[in-house]
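Hi everyone, thanks for making time for this. Please have a look at the sequence and the model on the screen, and then we will walk through them together.

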Amino acid sequence: RRLREMEIELITTNTRLLSFEEHDVNSWTENDVYEWVKKIGIKYSKDGFGAYCEKFLNHNINGKRLLLMNKIDLRNIGITSEGHIIDLFHEIEALR
């Protein structure tokens with residue numbers, strides 16, 4: 001577990017800063033999606049979104065895959081809060 005935490009810390013500290021509005025979602029890497037989920041958590045001021053960043057990373061969700069996701073997919077990667085699923089799905093739809 002500690003090794004995974006160190007890996008995530010390394011990834012996030014070396015991830016380029018994105019201007020999500022100007023960046024083609026189809027070209028997002030898994031790390032870009034990680035940062036996007038983190039940004040969504042800040043936008044909604046929701047606790048628990050930090051853990052979701054790791055879920056997206058652990059399931060190798062890049063930009064192309066993110067755009068294909070639906071509410072069932074969000075549940076399948078381990079997001080259980082219906083409210084958070086609605087929020088995330090709304091944000092994914094806005095990217096399409």
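Of the 96 residues in the protein chain, 39% are buried. Buried here means under 20% relative accessible area, exposed means over 50%, and partly exposed is in between, with a 1.4 Å probe and protein chains only. The protein chain exposes about 5,900 Å², and carbon and sulfur atoms supply 52% of that area. Those accessible areas come from the Shrake-Rupley method with a 1.4 Å probe, and for residues only the protein chains shown count as cover.

A word on where this comes from: it is a predicted model, in which local features need pLDDT of at least 70 and side-chain atom pairs count only at pLDDT 80 or more, while totals for chains, interfaces and linings use all residues. Residues are numbered from 1 along each chain as its sequence is written, and side-chain values use heavy atoms, with hydrogens and water left out.

What elements does the protein chain have? There are six helices and zero strands, so from the N terminus on you read α-α-α-α-α-α, where helices (H or I, at least four residues) and strands (E, at least two) are DSSP runs, numbered from the N terminus. Among the contacts in the protein chain with a separation of 6 or more, 53% are between residues 24 or more positions apart. Contact means heavy atoms within 4.5 Å.

Now for the helix pairs. Two packed helices are described by the angle between their axes and the distance between the axes. The axes are lines fitted to C-alpha atoms, for helices over the stretch in contact, and angles run from 0 to 180 degrees between N-to-C directions.

Let's take helix α2 (residues 30-44) and helix α3 (residues 49-58). Their axes come within 8 Å and cross at roughly 160 degrees. That makes α2 roughly antiparallel to α3; angles under 35 degrees count as roughly parallel, over 145 as roughly antiparallel, 65 to 115 as roughly perpendicular and the rest as oblique. On the α2 side, the residues in this contact include Tyr34, Val37 and Ile40, and on the α3 side they include Phe49, Tyr52 and Phe56. By class, the contact of α2 with α3 has nine nonpolar, two polar and three charged residues. For these classes, Ala, Val, Leu, Ile, Met, Phe, Trp, Tyr, Cys and Pro count as nonpolar, Asp, Glu, Lys and Arg as charged, and the others, Gly among them, as polar.

Next, α2 with helix α6 (residues 82-95): these axes come within 11 Å and cross at roughly 120 degrees. That makes α2 oblique to α6. Trp36, Ile40, Lys43 and Tyr44 of α2 take part in the contact, and among the α6 residues are Leu88, Ile92 and Leu95.

Is Phe49 buried or exposed? Phe49, found in helix α3, counts as buried at 2% relative accessibility. Leaving aside neighbours within four places in sequence, Phe49 is in contact with Val37, Ile40, Gly41, His84 and Leu88. Phe49 and Ile79 are 30 residues apart in sequence and 9.4 Å apart in space, C-alpha to C-alpha. Ala51, also in helix α3, is partly exposed, with a relative accessible area of 45%.

Finally, Asn60 lies in the loop between α3 and α4 (63-68). Most residues other than glycine have a negative phi. Asn60 is not a glycine, yet has a positive phi of about 55 degrees, and Asn60 is partly exposed at 38% relative accessible area.
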